[in-house]
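Open the model in your viewer and get ready to select residues by number.

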Amino acid sequence: MIVYDVENFPNPLRVRIALAEKNALDAVTFQPVDVMNGEHRREAFLNKNPFAGVPVLELDDGTYIAECTAITEYIDHHFAGPSLTGETAKERAVISMMQRRAETQVLDAIATYFHHATDGLGPALETYQNIDWGQKQHTRALAGLAYFDNILAEQPYVAGEAFTMADITLWCGLVFGGFCNVSIPGDLTHLQAWYERVAKRPSIAA
Ligand SMILES: N[C@@H](CCC(=O)N[C@@H](CS)C(=O)NCC(=O)O)C(=O)O
């Protein structure tokens with residue numbers, strides 16, 4: 001299996017943490033993509049993912065899987081270890097719901113802020129920017145953080161009692177936020193405590 005990605009970019013980080021949680025980092029080959037020089041927008045990469053985003057997983061039979069949630073589903077079912085996506089019908093539904101909320105309300109909101117209201121990836125790649133839209137997403141991200149602070153006041157992890165894909169998405173959103181000055185507001189103590197606890201997981205600390 002090959003993972004095409006950029007180390008330390010927020011979406012690729014989601015897949016790397018999922019692999020680490022399954023103790024499967026050594027089971028894949030990482031193939032760097034030169035995103036900063038636009039490699040992901042050229043034909044060879046677009047044949048793997050027409051939507052020009054990393055990461056992409058290539059299976060041994062040549063199938064390409066893009067989108068972190070889909071890649072994480074594959075990893076979770078392919079490798080042994082504690083489930084990241086749930087086992088019962090209820091677990092799967094709750095994890096999927098909370099993952100999507102972490103994605104839309106935090107990670108994607110911060111990404112849109114980054115691409116539209118900051119220099120983003122630089123002028124060669126940021127060919128369209130809308131600062132107002134970016135600032136709106138900054139506001140949305142802060143509301144998302146407040147939402148998750150409330151959730152984490154009641155339960156140890158984003159989707160309940162266990163660490164899951166939803167925690168990975170929220171974590172990577174906060175890492176992205178740290179990179180572009182969207183930090184956890186001081187009054188969101190439950191979110192901060194969760195962040196510090198999750199930071200100690202071997203899959204993340206490494
Ligand atoms: N929804 C996609 C998002 C992928 C994505 O946006 N990846 C970023 C890196 S974190 C990227 O490739 N950006 C390239 C660009 O903005 O041109 C997923 O879940 O994988």
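Start with the second largest pocket of this predicted model, which holds about 390 Å³ of space. Select Leu13, Arg16, Leu25, Ser203 and Ala206: of the 16 residues that line this pocket, these lie nearest its centre.

Next, colour the elements that each give two or more residues to this lining: H1, H6 and helix H8 (202-205). Which of them gives the most to the lining of the second largest pocket? H1 does, with 4 residues.

Move on to the largest pocket, with about 860 Å³ of space. Its lining has 33 residues, and those nearest the centre are Asn11, Gly53, Val54, Ala111 and His115. Select these five and centre the view on them.

H4 has the largest share, 6 residues.

Colour by class again: the lining of the largest pocket has 19 nonpolar, 8 polar and 6 charged residues. Last, bring back the domain selections. Domain 1 (2-78) and domain 2 (89-205) each give at least three residues to the lining of the largest pocket.

How values were computed: Residues numbered from 1 in each chain as written. Predicted model: local features only at pLDDT ≥ 70, side-chain atom pairs only at ≥ 80, totals over all residues. Heavy atoms only, no water. 1 Å grid on protein atoms, 1.4 Å probe; cavity = no way out; pocket = protein on both sides within 12 Å on 5 of 7 lines; lining within 4 Å. Points joined across faces, edges and corners; volume = space filled by probe spheres on them. Nonpolar A, V, L, I, M, F, W, Y, C, P; charged D, E, K, R; others polar. Domains from an automatic or database assignment.
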